[in-house]
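Have the viewer open as you read.

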Amino acid sequence: MAMRDDARLEDLGGGLFAYLQPDGSWGLSNAGLVCDGDESLLIDTLYDLPLTQRMLDTMVSATPAAQKIDTLVNTHANGDHCYGNELVGDARIIASKASAEEMNEVTPETMRALLEGAAELGEAGEFLRRAFGAFDFEGITLTPPTETFEGRLDLQVGDRRVELIEVGPAHTRGDVILHVPDARVIFTGDILFIDGTPIMWEGPVANWIDACDRIVALDPEVVVPGHGPLTDTRGALAVRDYLVYVRDETRKRFEAGLTAREAALDIQLGDYSAWLDSERIAVNVHTLYREFGDSSPAPGPLALFELMAELARERRG
Ligand SMILES: [Zn+2]
């Protein structure tokens, strides 16, 4: 786990900022801020209240427009992008309809219970503690969106136009990217993981590949991923390449009659094994198997974490 003190606010110029939490592994998400005049729009909150408060304080010291956040956009339902919402509870909070529905499923209470029971879970428990044990899931009041949309929504921040484009289901059920045309900046949420492994909880993979193409077609100068360092269109193409590779390798093994577990253990990741959290291949393969029509019962989250723990051990050993 990276040291929290690595977190920093990058000034992208023209009233845009990216808040980055290296190294971008489990729960260490990025966020963004778009300002014009004294109006502000925040893209995502963080996994817990102390992290989110520190981010907001850093933003206020960088620009007075952050003193009162007018609008918050949650790019998707994962807790590392919305558990801090209550700290901007006076803002208009916007998400896709699908994300708003999904937000109630894995609550801070779920995470707390999972970590409390982790001691009895053996290897999977150790994995969970390593991934999530440094976050504080106590006392969080899940604060849902006040407005939802489907497909596309344009917003004004001062005189500036911001486009919300729903590209999910892909990483989750309702992923949204946020495009600021006049600045040529895109905030992608978890459609992009940079130097880290994308995790496809939902699929279909074709939607995610299309989302990468869409980012490239918008011709941005700066792209702020959901996890990892700033990038540009090259980051979108790298994620696209990973998805195509994993889709094709998984398809071969599905057609050869391997189980999803066997396929996940068998696929050689080559250069992608250098990306953080490469064991997420386990989730990606299971999601692809469902998409390909595998009729065996879908594994629950604990079974997936067990398999990821096993893969992580093999890579270390
Ligand atoms: Zn995330």
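Here is a short tour of the packing inside the model.

This is a predicted model, in which local features need pLDDT of at least 70 and side-chain atom pairs count only at pLDDT 80 or more, while totals for chains, interfaces and linings use all residues. Residues are numbered from 1 along each chain as its sequence is written, and side-chain values use heavy atoms, with hydrogens and water left out.

In soluble globular proteins, nonpolar side chains tend to be buried together. A nonpolar core here is a set of buried Ala, Val, Leu, Ile, Met, Phe, Trp, Tyr and Cys residues joined through side-chain atoms within 4.5 Å; buried means under 20% relative accessible area (1.4 Å probe, protein chains only). The largest such core has 82 residues, and Phe132, Phe137, Ile191, Leu192 and Trp208 touch the most other members. Apart from it lies another core of 19 residues, including Val34 and Leu155.

Now find helix H4, residues 122–132 (helices are DSSP runs of H or I, at least four residues, and strands are runs of E, at least two, numbered from the N terminus). Its buried residues include Phe127, Leu128 and Phe132.

Finally, look at Arg160 in strand S9 (residues 160–166). Arg160 is buried, with a relative accessible area of 7%. A polar atom of the Arg160 side chain lies 2.8 Å from the backbone oxygen of Gly14.

How values were computed:
Buried means under 20% relative accessible area, exposed over 50%, partly exposed in between (1.4 Å probe, protein chains only). A polar contact is a pair of N or O atoms within 3.5 Å; within protein, one must be able to donate a hydrogen and the other to accept it, and residues adjacent in sequence count only if both atoms are side-chain atoms.
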